[in-house]
Amino acid sequence: RFLALGGRHIDSAVSYKNHWLVAEACRWSGVAPSEIVITTKVWPQGYHETLEEVRNAMLELDGRGQVVVLLHAPGSTKSGKPRGPVPNPPPSCQDHSRPWSWRRCRSDSYAALALLRSAGMLHGIGVSNFSPRQLQELKEDRLRIKGALGTPGWPPDVLQNEVHPWWREEKLRRTCAKHGIQVVAFGSLGSPEAKEALLNHPLVRHVAKRTRLSCAQVLLRWAVQQGMKVIPTTADELHMHEALSTQLSSSSLSRQDLDLLNSVRQWDAPIYHPYLDQIE
């Protein structure tokens, strides 16, 4: 239904285990693959392992869209969830000068994505759930191998992070704007732990009432008007239509509305941060 309503960007990940469903939906939609962008994500796991993981993902997606691949996070967790102690990187990411280095693992894994992009096999590459420090480290690692053809893989095309008025990522967004990196916001309506609280926040409700928009539309417009792409998650057709119409709408929040939403106190426990910033 999402594609039938006009949606053209599908967000997935290897850990979601739904590539074949995505490919089938795209096939049955009748929409040309050249019009669909499929973002998928892989965990950092080393150079050769990442090449193999992406190759398998491409086979599963069956050419049904233009594929963008992101590193899912600066490090992995045993459960796949950002909770509990940070595990050691896989043996393939061991660094002889500094054993068990997630930074080395990120760098090697991202180098594989850069190679695939330069070979024309991927529509784009990027990272997800990175902190400003981890993005800066990635830049430093890529600059070290700068050659006659420029800096391989820098900048990434996309950074996908949780962003909403309670977690604005202002420093990270400024860095992305400086380097031409597109910010894609997930969790635009708030983290699962606090979604209802953000949707019912007095300032959000005030702006919604004044603009005659729903609270969800207000939060999506807040992101879109500040240059971000949004990927709200829903299986409800009415919510899909609401989200798509909000992104395409010519109506906008006023500067006063944006300033009001930007005055919301920063929440200290979003879904992924600062947990993943602890990963070295």
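The axis of a helix is here a line fitted to C-alpha atoms over the stretch in contact, and the angle between two axes runs from 0 to 180 degrees between N-to-C directions. Two packed helices are described by the angle between their axes and the distance between the axes. The structure to which these terms are applied below is a predicted model.

The protein chain contains 10 helices and seven strands. Of its 280 residues, 49% count as buried. Among the contacts in the chain with a separation of 6 or more, 76% join residues 24 or more positions apart.

The description may begin with helix packing. Helix α4, which spans residues 132–143, packs with helix α5, residues 170–179, at an angle of about 30°, and their axes are 9 Å apart. Because angles under 35 degrees count as roughly parallel, α4 is roughly parallel to α5. On the side of α4 the contact is made by P132, L135 and K139, and these meet K171, L172, T175, C176 and H179 of α5. Sorted by class, the residues of this contact comprise four nonpolar, two polar and two charged.

A second pair is formed by α1 and helix α2, the latter covering residues 47–61; their axes come within 8 Å and cross at roughly 35°. Here H19, W20, V22 and A23 of α1 meet A57, E60 and L61 of α2. Five nonpolar residues, one polar and one charged make up the contact of α1 with α2.

The residues involved are V204, R205, V207, A208 and T211 of α7, together with C215, V218 and L219 of α8. By class, this contact of α7 with α8 has six nonpolar, one polar and one charged residues.

A disulfide is a covalent bond between the sulfur atoms of two cysteines. The structure holds zero disulfides.

Leaving aside neighbours within four places in sequence, V127 is in contact with L70, L71, Y110, L135, L138, V158, L159 and Q160.

With a relative accessible area of 13%, E137 is buried. Not counting residues up to four places away in sequence, E137 touches R103 and R106.

L122 lies in the loop between α3 (102–118) and β4 (124–128), and its relative accessible area of 8% makes L122 buried. Leaving aside neighbours within four places in sequence, L122 is in contact with V54, M58, V67, V69, L113, L116 and R117. One of these, V69, is 53 residues from L122 in sequence, while the two are 7.4 Å apart in space, C-alpha to C-alpha.

K17, in the loop between β1 (9–11) and α1 (19–29), has a positive phi of about 55° although it is not a glycine. R212, in the loop between α7 (202–211) and α8, likewise has a positive phi, near 60°, in a residue other than glycine. K17 has 68% relative accessibility and so counts as exposed. R212 is exposed as well, with a relative accessible area of 79%.

Conventions:
Residues are numbered from 1 along each chain as its sequence is written. This is a predicted model: local features need pLDDT of at least 70, side-chain atom pairs count only at pLDDT 80 or more; totals for chains, interfaces and linings use all residues. Side-chain values use heavy atoms; hydrogens and water are left out. Helices (H or I, at least four residues) and strands (E, at least two) are DSSP runs, numbered from the N terminus. Angles under 35 degrees count as roughly parallel, over 145 as roughly antiparallel, 65 to 115 as roughly perpendicular and the rest as oblique. Contact means heavy atoms within 4.5 Å. Ala, Val, Leu, Ile, Met, Phe, Trp, Tyr, Cys and Pro count as nonpolar, Asp, Glu, Lys and Arg as charged, and the others, Gly among them, as polar. A disulfide is a pair of cysteine sulfur atoms within 2.5 Å. Buried means under 20% relative accessible area, exposed over 50%, partly exposed in between (1.4 Å probe, protein chains only).
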